[in-house]
Amino acid sequence: MLWSLRSVYVRCWRYAFACPVLFSLPIVTEAMQHVAEYSQGFYADLASAKANEHSMLRMAFGTMKILSVLIARYWVIRWLEWGDGKRTFGFDGRSIATFTPWLIFEAAITFPTIWLPVFAPSLGRPVMILSIISFVLCVLFSDWSRAASIGQSGGPVRSARKVAPIFLWALAFNLIALLPIMTLHYALMMVAMNGHHVIRWIVLAADTIVVGYLSAIVCGVPWFVSEHALARFDVRHAKLQ
């Protein structure tokens with residue numbers, strides 16, 4: 001796991017320089033959300049942040065950001081797969097056709113967990129359960145997202161069969177890989193709430209870069225889970241022969 005953890009950070013950092021325009025998509029949407037938050041006094045203090053947590057303007061930009069991350073997975077995985085800009089960016093009708101069902105499914109299980117607290121705040125426990133289920137499915141369907149991004153046949157059932165034997169590894173890998181960068185992201189938000197106006201903008205600008213890197217890691221983690229699952233699958237298959 002240590003090798004995979006190091007690799008996901010290093011290779012996603014390389015992706016940022018190899019594909020700066022695509023890397024900047026979540027950065028742009030995060031910057032737009034920060035501007036919206038600032039205009040509503042979100043960073044005045046913790047109480048203001050809580051009061052504006054579910055404002056429609058903030059949620060709209062947050063939805064755009066998450067959608068940009070889901071779409072970015074297509075290119076992140078293709079770059080991790082080949083490390084070749086030409087193949088990564090080249091038009092591939094088959095991969096677009098295979099990626100679209102995954103994108104629709106992922107949006108269908110992600111956006112309800114974001115918007116239900118806004119329109120039905122009393123559904124706290126059900127939303128929490130739905131979020132856990134959504135996360136588990138995302139882990140199990142890691143191989144599906146990889147196959148879909150590179151135009152290979154696959155699907156949720158086949159992906160779950162491959163990932164299930166290493167599910168605990170995959171779960172731990174997701175949590176450990178995302179914890180450091182997520183901690184930095186939230187730490188910067190807290191610093192922004194307690195700083196001077198100039199300091200706030202500097203910190204928020206830094207946070208947009210952190211979110212861009214975080215987004216690349218979120219997109220890249222499933223590729224490493226799929227790699228580990230396929231390696232274990234090939235070993236088991238060889239032993240049965």
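Visitor: Which residues is Val225 in contact with, leaving aside neighbours within four places in sequence?
Guide: Val225 is in contact (heavy atoms within 4.5 Å) with Val139, Ser142, Val163, Ile166, Trp169, Ala170, Phe173 and Asn174. This is a predicted model, where local features need pLDDT of at least 70 and side-chain atom pairs pLDDT 80 or more, while totals for chains, interfaces and linings use all residues. Numbering runs from 1 along each chain as its sequence is written, and side-chain values use heavy atoms, without hydrogens or water.

Visitor: How many residues are in the largest nonpolar core?
Guide: The largest nonpolar core has 60 residues. Such a core joins buried Ala, Val, Leu, Ile, Met, Phe, Trp, Tyr and Cys through side-chain atoms within 4.5 Å. Val225 is among those with the most contacts inside the core, along with Val8, Tyr15, Phe173 and Ile217.

Visitor: Which helix gives the most to this core?
Guide: Helix 11, with 13 residues. Helices here are DSSP runs of H or I, at least four residues, numbered from the N terminus.

Visitor: Val8 and Tyr15 are on that list. Which residues of helix 1 are buried?
Guide: Ser4, Leu5, Ser7, Val8, Cys12, Tyr15 and Ala16. Buried means under 20% relative accessible area, exposed over 50%, and partly exposed in between, with a 1.4 Å probe and protein chains only.

Visitor: And what does helix 1 span?
Guide: Helix 1 covers residues 2-18, 17 residues in total, and reaches 24 Å from its first C-alpha to its last. That is close to the 24 Å expected at 1.5 Å a residue, taken as 1.5 Å times one less than the number of residues.

Visitor: Switching to voids. How many cavities of 30 Å³ or more are there?
Guide: The structure holds 1. On a 1 Å grid over the protein atoms alone, a cavity is a set of points where a 1.4 Å probe fits but cannot get out; a pocket is an open set with protein on both sides within 12 Å along at least five of seven lines; lining residues have an atom within 4 Å of a point.

Visitor: What lines the largest cavity?
Guide: Tyr15, Leu22, Phe23, Pro26, Ala72, Val76, Gly212, Ser215, Ala216 and Cys219. Helix 2 (20-39), helix 4 (56-82) and helix 11 (197-240) each supply at least two lining residues, and the largest share, 4 residues, comes from helix 11. About 30 Å³ of space lies in this cavity.

Visitor: How much space lies in the largest pocket?
Guide: About 1,700 Å³. A volume is the space filled by probe spheres set on grid points joined across faces, edges and corners. The lining has 48 residues, and Ile66, Thr110, Ile114, Met182 and Tyr186 lie nearest the pocket's centre.

Visitor: Is Asp143 buried or exposed?
Guide: Asp143 is in helix 8 (residues 142-149) and counts as buried because its relative accessibility is 7%. Beyond its neighbours within four places in sequence, Asp143 is in contact with Ser159, Lys162, Val163, Ser226 and Leu230.

Visitor: Where is Asp45 found?
Guide: Asp45 is in the loop between helix 2 and helix 3. Asp45 is partly exposed, with a relative accessible area of 36%. Met193 is 148 residues away from Asp45 in sequence and 5.4 Å away in space, C-alpha to C-alpha.
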